[in-house]
Amino acid sequence: MYSTCLFCNEDLGSNEIVEQFPVGRRLAFDASKGRLWVVCRKCERWNLTPLEERWEAIEECERLFAGTRLRVSTDNIGLAKLREGLELVRIGDALRPEMAAWRYGDQFGRRRRKSMLLTAAGVAAVGGLVVLGPMTGIIAGGGWGSWQIVNGLHNAYENRRVRARLRLPNSDIVAPVRKKQLEKVAIVRANDDWAIRVPFSKNALPTVFTGRDALHAASKLLPAINERGARAGEVQSAVELVSSAGDPARLFQRYAPEPRRYDTRRFPSRVMEDSGHVLSSLPKEVRVALEMASHEEQERRALEGELALLEAAWKEAEEVAQIADDMFLPASTSARLEELKQGG
């Protein structure tokens with residue numbers, strides 16, 4: 001446990017410097033509040049550790065940070081890089097805007113750069129084919145039709161690619177969420193509280209996540225919805241939205257609309273269709289703010305004594321990663337590996 005990112009399920013890597021916590025290539029710590037995070041180098045999200053022994057790891061991080069010359073600091077936040085490659089982020093009494101610049105700036109900025117690079121690569125490929133096609137005879141020879149086929153296959157792959165995986169409420173089933181489903185995920189109101197509605201199948205009623213399940217689902221779905229990232233100004237606007245709400249949970253309440261009332265005899269399906277806000281249709285700064293709020297609310301609950309919730313989240317991340325790995329592993333290989341384990 002504690003080796004897989006809670007959000008993208010990728011391996012967090014390891015270090016040989018902090019003996020008390022040999023996980024991760026970037027660690028963020030707040031000695032005054034006793035908090036330790038592992039920053040995922042793939043998605044840049046911060047994984048709060050629920051470990052009881054994290055105080056020793058924090059003390060070691062503090063010692064290492066003070067002992068390195070390769071560091072930059074403000075009054076409240078500092079970054080140090082050790083020779084082995086481990087990076088340490090030291091948090092002091094930072095205000096929300098400054099904390100957000102470190103915690104969320106990297107992840108949304110990296111997503112935006114990645115999206116721009118992929119878009120530029122696609123435009124360059126199409127432009128090159130259009131310009132060079134007539135000169136080389138590719139288009140005349142049916143190359144343009146081949147390009148359309150390749151492009152169609154790419155779009156089909158993007159539609160089928162799993163964007164997130166969610167454990168269904170009161171179940172051990174982990175269900176994939178793909179692009180078409182993600183585009184219809186909505187924030188709704190259920191029993192005077194906010195909830196997340198996910199249409200896993202067009203032939204079945206959507207699944208509604210409430211309470212803790214809704215918060216966990218939001219933390220998984222919103223990064224996928226916000227995969228194109230955000231500019232620094234949009235991140236700052238999102239920070240202001242979260243701050244104005246006071247409590248992160250209130251932000252979700254704000255965007256969970258009251259259901260419209262219809263005559264169910266005349267419009268039997270309209271209540272399900274019109275009782276929520278589709279997350280992908282909300283303004284970008286709102287979507288970014290909701291993603292921030294989902295992470296902060298999870299940590300708040302964990303730090304207020306609900307560490308079992310965080311322990312369960314780490315365990316689920318490991319299980320989902322294992323499921324994802326096994327999906328591409330032939331049954332015969334799994335059986336052989338089991339035989340070898342028993343034989344050893």
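Phenylalanine 252 counts as buried, at 2% relative accessibility. The model is predicted, and the values reported here are computed from it.

The structure contains 4 aromatic pairs. In one of them, the ring centres of tryptophan 194 and phenylalanine 252 are 4.2 Å apart and the ring planes meet at 15 degrees, so this pair is stacked; the cut-off for that class is under 30 degrees. Because tryptophan 194 belongs to strand E10 (residues 193–198) and phenylalanine 252 to helix H8 (residues 248–254), the pair ties together parts that are 58 residues apart in sequence. Tryptophan 194 is also buried, its relative accessible area being 7%.

## The sheet around strand E10

Strand E10 belongs to an open sheet of 4 strands, which has the order E11-E10-E9-E12 and antiparallel pairing. Strand E11 (207–210) and strand E12 (276–278) are the edge strands, each pairing on one side only. From one strand to the next, the twist averages 30 degrees.

Within E10, 5 of the 6 residues are buried, so the strand is largely enclosed by the rest of the structure. Helix H6 (residues 211–225) lies across E10 and E11 and runs at about 55 degrees to E10.

## Strand pairing in detail

On one side, E10 pairs with strand E9 (residues 186–190) in the antiparallel sense, over 5 bridges. Valine 188 stands opposite alanine 195 in E10, and alanine 190 stands opposite aspartate 193 in E10. The two strands, E9 and E10, form a hairpin with 2 residues between them. Asparagine 191, in the turn, has a positive phi of about 55 degrees.

E10 also pairs with E11: the two run antiparallel and are joined by 4 bridges. Valine 198 has threonine 207 in E11 as its bridge partner.

## Helix H1 and its two sides

Helix H1 comprises 14 residues (residues 54–67). At 1.5 Å a residue it should span 20 Å, and the end C-alpha atoms are 20 Å apart, which agrees with that expectation.

The buried residues of H1 are Arg54, Ala57, Ile58, Glu60, Cys61, Leu64 and Phe65. They cover an arc of only 160 degrees around the axis, and therefore lie on the same side of H1. On the other side of H1, the exposed residues are Glu59, Arg63, Ala66 and Gly67.

## Valine 38 in strand E2

Valine 38 lies in strand E2 (residues 35–39). With a relative accessible area of 0%, valine 38 is buried; the threshold for that class is under 20%.

Leaving aside residues up to four places away in sequence, valine 38 touches Leu12, Phe21, Val23, Gly24, Arg26, Leu27, Arg45, Trp46, Asn47 and Thr49. Valine 38 and threonine 4 are 34 residues apart in sequence, and their C-alpha atoms are 9.8 Å apart in space.

Note on methods
Residues are numbered from 1 along each chain as its sequence is written. This is a predicted model: local features need pLDDT of at least 70, side-chain atom pairs count only at pLDDT 80 or more; totals for chains, interfaces and linings use all residues. Side-chain values use heavy atoms; hydrogens and water are left out. The expected span of a helix is 1.5 Å times one less than its number of residues. Buried means under 20% relative accessible area, exposed over 50%, partly exposed in between (1.4 Å probe, protein chains only). The arc is that of the directions from the helix axis to the C-beta atoms. Rings of Phe, Tyr and Trp (its six-membered ring) pair if their centres lie within 6.5 Å; planes under 30 degrees apart count as stacked, over 60 as edge-to-face and the rest as tilted. Two strands pair if DSSP finds at least two bridges between them. Axes are lines fitted to C-alpha atoms, for helices over the stretch in contact, and angles run from 0 to 180 degrees between N-to-C directions. Contact means heavy atoms within 4.5 Å.
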